[in-house]
Amino acid sequence: MLIQIPFAYTEMETDTKERKTQMKNTILVVDDIEMNRDMLRMILESDYSVMEAENGKQALDIIMREKDHLSAILLDLIMPEVDGFGVMQQLKDREIMGKIPVLVISGDTSIEVENRCFDFGVSDFIAKPFNNFIIKQRVKNVVGFFEYKNELEAKVEEQTGVLRKAYRTLRMQTDQLKRRNEEIIDMLGTVVEYRNLESGEHIQRVKGYTRILAERAMKEYPEYGLTQEVIDTIVAASALHDVGKITIPDKILLKPGRLTKDEFEYMKSHTIRGCELLDAIKNNWSGKSMEASYEICRHHHERYDGKGYPDGLAGEDIPLSAQLVSIADVYDALVNERCYKDAYSTQEAFRMIVNGECGVFSPKLMEVFRMARADFEKLATHQ
């Protein structure tokens, strides 16, 4: 299979002085005929360092040893010991095919052979006989393409590393911010606990009822868009639903018996006063926690029919977070003794809420409340 080369040797002597001083890429020529290897070396050696292998086995040994330095492999098909297809199969099995461009040079130009080569993933198929321009240009094109591809992959890997590092940093900052939010909420909740004799245990129970209700609502009504992360935020923020009571005088907050109309109006202001407290520290914690705390603090006394306070919101205009805490707050207030009332039984509290005696709640959340009744009663009786 002698290669015919219809060109003058002097055409290979056109390299500039600058190119000769540059580091050359390495090309592996694999062919069992020495003359063919010599001809290919003469064509390419002005631009590349050329290594040679006289059979497939020798080629595979060189490839495994020099794979990080090879820019391309020129591969004949018909060779002893291991033929070209055997070499390609080995390269594919070792996941090298596609990392180093392979150009097949063959005198068999049948469609079947060419298709089989491309099925292996070769970069080009060059038919014999050929001239120097075909070889040089196609090798140049393939090597250039792979260099560009490798540069892009390196840049992508570098940028991916930067993004991973940025993500880890952001994650750490997010975790720190989450802990800060929890610390702020716990601190304010503790203040309420000391201010209101019943608020300490009340806060923990409301958090428990809120989680039970929210997790059931997440399963039954996916349209609410609840996730475990959202639920965690709502549950944590529920501790601040009565933070505004810090501002209510003892004579009203701890008064035994029924409040007067004016006293009740003042008591109702704890929703707005609580939000004023939260506004004063809004720059010290994250948006989601602040938003949920604000919604719950201001709107946990709104009612679905619009007859609640302070804004008279109705229906789904009431934030879901506030609706969930509202039911939890009312239930706990009913089943526990207060300075102005005795405790109701869990059965009576359930009946009063579903019958609308404590205000109108969302029909969907009432259905969820019915489903969660046993869990509510279990929590109520194990406090």
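Is Thr 26 buried or exposed, and what is its relative accessible area? In this predicted model, in which local features need pLDDT of at least 70, side-chain atom pairs count only at pLDDT 80 or more, and totals for chains, interfaces and linings use all residues, Thr 26 is buried, with a relative accessible area of 15%; buried denotes under 20%, exposed over 50% and partly exposed the range in between, computed with a 1.4 Å probe on protein chains only. Residues are numbered from 1 along each chain as its sequence is written, and side-chain values use heavy atoms, with hydrogens and water left out.

Thr 26 belongs to strand β1, strands being DSSP runs of E of at least two residues and helices runs of H or I of at least four, numbered from the N terminus. Beyond its neighbours within four places in sequence, Thr 26 is in contact (heavy atoms within 4.5 Å) with Ser 49, Met 51, His 69, Leu 70, Ser 71 and Ala 72.

Across the whole structure, 2 cavities of 30 Å³ or more are found, a cavity being a set of points on a 1 Å grid over the protein atoms alone where a 1.4 Å probe fits but cannot get out, with lining residues having an atom within 4 Å of a point; grid points are joined across faces, edges and corners, and the volume is the space filled by probe spheres set on them. The largest cavity holds about 60 Å³, and helix α13 (residues 320-335) gives the most to its lining, with 3 residues. The second largest cavity, of about 30 Å³, is lined by 10 residues, with Val 30, Asp 31, Leu 40, Asp 76 and Ile 105 nearest its centre.

Definitions and conventions: On a 1 Å grid over the protein atoms alone, a cavity is a set of points where a 1.4 Å probe fits but cannot get out, and a pocket is an open set with protein on both sides within 12 Å along at least five of seven lines; lining residues have an atom within 4 Å of a point.
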